[in-house]
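I'm opening my notebook on a new structure today. Below is what I looked up, entry by entry.

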Amino acid sequence: MYDRERGWNLSFAGCGFLGVYHVGVSSCLQERAPHLITAASKIYGASAGALNAAALVCGCCLAQCCSDVMEVAKEARKRNLGPLHPSFNLVKILKNGLYRNLPENAHELASGKLCISLTRVSDGENVLVSEFGSKEELIQALICSAFVPIYCGIIPPTFRGVRYVDGGISNNLPEYELKNTITISPFSGESDICPRDNSTNFHELRVTNTSIQFSLNNLYRLTRALFPPEPKVLGEMCQQGYNDALRFLKDNNLLNSPSPRTDLQLKQVGSAAVCSSPECAMTPRPKKVVKEEAEETTLVKRVCWPLDKRIMEKLPPTLCKALQEACKEKEGLYNQITGFLPIRVASYIALPCTLPVESAYSIALRLVDWFPDIPDDVRWMQQLMRSVAGTVYHQARKRLLPARPPVHNTLRKCLSLPAPFLHTPSYLTPKNYSSMDLESWVFDFSTPVNLEDSSALMTDCGYPVCFSPDDSGVEMNLSGEDADSSSEIGF
């Protein structure tokens with residue numbers, strides 16, 4: 001939410017082809033509350049939201065951005081398989097558009113303010129990137145953030161030597177939990193700027209930090225995120241984004257300009273800026289400029305607008321013109337013939353014959369573009385195959401081979417008796433030892449050992465006579481004569 005004292009952030013959710021909704025929101029913010037963009041601490045974005053955030057930070061023409069999004073959608077729709085057709089190369093289209101629209105110092109404008117959400121391939125963790133060394137680095141980060149696996153290709157792109165994919169997989173709405181972040185999403189839910197559907201269902205689904213309400217409208221939006229609808233529907237989404245942003249500004253008393261017909265930063269780069277100072281007001285304007293503006297206004301009024309006119313009046317003129325051009329159907333004999341139903345049915349019938357030829361041609365073109373990156377990509381695929389094979393081997397070994405029982409080292413109680421003495425003094429009788437002669441009994445080894453005599457002292461159980469394993473007690477035999485001087489202990 002907006003907090004003037006602590007500062008605020010903007011966060012744009014990833015949404016695929018529904019990014020035209022962000023264009024409508026951004027045009028309203030630039031026109032009615034530009035300080036929300038210029039004074040924002042950070043502008044976050046994932047996937048299509050990152051592309052829109054980069055356009056805002058770098059000061060790109062939003063009308064041109066809207067036109068580019070509509071053209072990409074039309075390019076995807078004109079094929080029989082839509083965006084899944086082999087000849088549709090979304091990564092190449094995005095890269096060419098970014099090189100064309102971003103200024104040369106885009107990395108300087110974006111560093112420190114633009115934060116792009118990325119998903120690291122190695123561990124699936126989310127990474128926020130906000131520092132860029134060159135325009136090439138910035139474009140590479142945007143391509144990584146918009147790369148949907150399988151949909152855009154098999155080999156993910158790299159950013160600073162690390163493989164990344166679509167940031168919406170791990171964090172589709174960065175920093176949404178911060179109270180000073182203004183969240184923007186084309187899906188109806190709990191975001192600050194989002195559509196308000198007339199649904200009685202209060203349940204919601206939170207997908208990678210994006211709040212999505214359970215409703216039929218949201219289900220339709222989800223299906224159209226990767227498979228674009230007609231240009232007319234995209235134009236309506238752009239208008240809805242403008243309306244939702246305007247409602248947010250009114251609810252929070254953030255409106256700066258009472259007039260909705262100004263263009264501000266939406267004008268093309270290089271177009272003549274209109275000065276409002278008294279000196280410029282007294283200066284006569286060139287007739288050519290006045291004539292062009294009059295023709296543009298007349299065109300806006302005369303051209304049949306297929307959308308809601310009440311909403312159209314709120315949009316800036318350049319954005320209206322871009323939507324008009326995108327929604328206008330192409331004229332010509334070829335387009336009219338290919339639009340007939342029999343021709344379209346025939347094209348689908350001939351698809352098994354034409355698809356292999358088109359696929360071979362598109363694959364050849366992709367191989368030509370892939371040549372500079374082949375060594376790095378091949379090394380990455382080898383490492384990936386090794387890791388996958390190692391994981392499969394360990395899992396199979398764990399499941400198929402029986403696990404060895406654990407070895408428990410237990411302590412056992414030793415019940416062995418002392419080693420037998422092979423020699424006893426002759427003056428001592430068996431089982432009777434005097435405590436006075438104990439020292440001579442233990443340390444008297446001067447007499448040679450006689451094995452024959454020692455064997456006679458062994459009992460049947462293998463122990464000497466003087467040590468019997470059956471003896472477990474102690475006998476105290478005290479005589480009257482030497483009770484005061486000696487004691488006898490029987491073992």
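This is a predicted model: local features need pLDDT of at least 70, side-chain atom pairs count only at pLDDT 80 or more; totals for chains, interfaces and linings use all residues.

**Salt bridges**

I started with Asp68, which forms a salt bridge with Arg100, the closest N and O atoms being 3.8 Å apart. (A salt bridge is a side-chain nitrogen of Lys or Arg within 4 Å of a carboxyl oxygen of Asp or Glu.) Asp68 lies in helix α4 (residues 62-77) and Arg100 in helix α5 (residues 90-101), so this pair ties together parts 32 residues apart in sequence. Helices here are DSSP runs of H or I with at least four residues, strands are E runs of at least two, and both are numbered from the N terminus.

Residues are numbered from 1 along each chain as its sequence is written, and side-chain values use heavy atoms, with hydrogens and water left out.

Buried or exposed, I asked of Asp68? Asp68 is buried, with a relative accessible area of 18%, while Arg100 counts as exposed at 52%. My cut-offs are under 20% relative accessible area for buried, over 50% for exposed, and partly exposed in between (1.4 Å probe, protein chains only).

Next I checked Glu104 and Lys135, whose side chains meet in a salt bridge (3.6 Å, N to O). This pair links distant parts of the chain: Glu104 sits in the loop between α5 and α6 (106-110), Lys135 in helix α7 (residues 135-145), 31 residues apart. Glu104 counts as exposed at 64% relative accessibility, and Lys135 is buried at 9%.

How many salt bridges does the structure hold? I have 14 in my notes. Among them is a network that links Glu75, Lys78 and Arg79.

**A hairpin**

I moved on to Arg206 and Glu204, whose side chains also meet in a salt bridge (3.5 Å, N to O). Arg206 is partly exposed at 36% relative accessible area, and Glu204 is partly exposed at 31%.

Strand β8 (residues 204-207) pairs with strand β9 (residues 210-213) in the antiparallel sense, over four bridges. (Two strands pair if DSSP finds at least two bridges between them.) I looked up Leu205 and found that its bridge partner in β9 is Ile212. β8 and β9 form a hairpin with two residues between them, and Thr208 in the turn has a positive phi of about 45°.

**The core**

Which residues touch the most other members of the largest nonpolar core? Leu102, Ile116 and Leu138 do, in a core of 79 residues. Helix α9 (residues 231-251) gives the most to this core, with eight residues. (A nonpolar core is a set of buried Ala, Val, Leu, Ile, Met, Phe, Trp, Tyr and Cys residues joined through side-chain atoms within 4.5 Å.)

Leaving aside neighbours within four places in sequence, Leu138 is in contact (heavy atoms within 4.5 Å) with residues including Cys58, Leu102, Ile116 and Phe132.

I also checked helix α13 (residues 317-327), which is mostly covered, with nine of its 11 residues buried. Pro317, Leu319 and Cys327 are among them.

**Cysteines**

How many disulfides are there, counting pairs of cysteine sulfur atoms within 2.5 Å? The count comes to zero. Cys238 is in no disulfide, and the nearest cysteine sulfur, that of Cys66, is 4.4 Å away. Cys238 counts as buried at 0% relative accessibility.

Note on methods
A disulfide is a pair of cysteine sulfur atoms within 2.5 Å.
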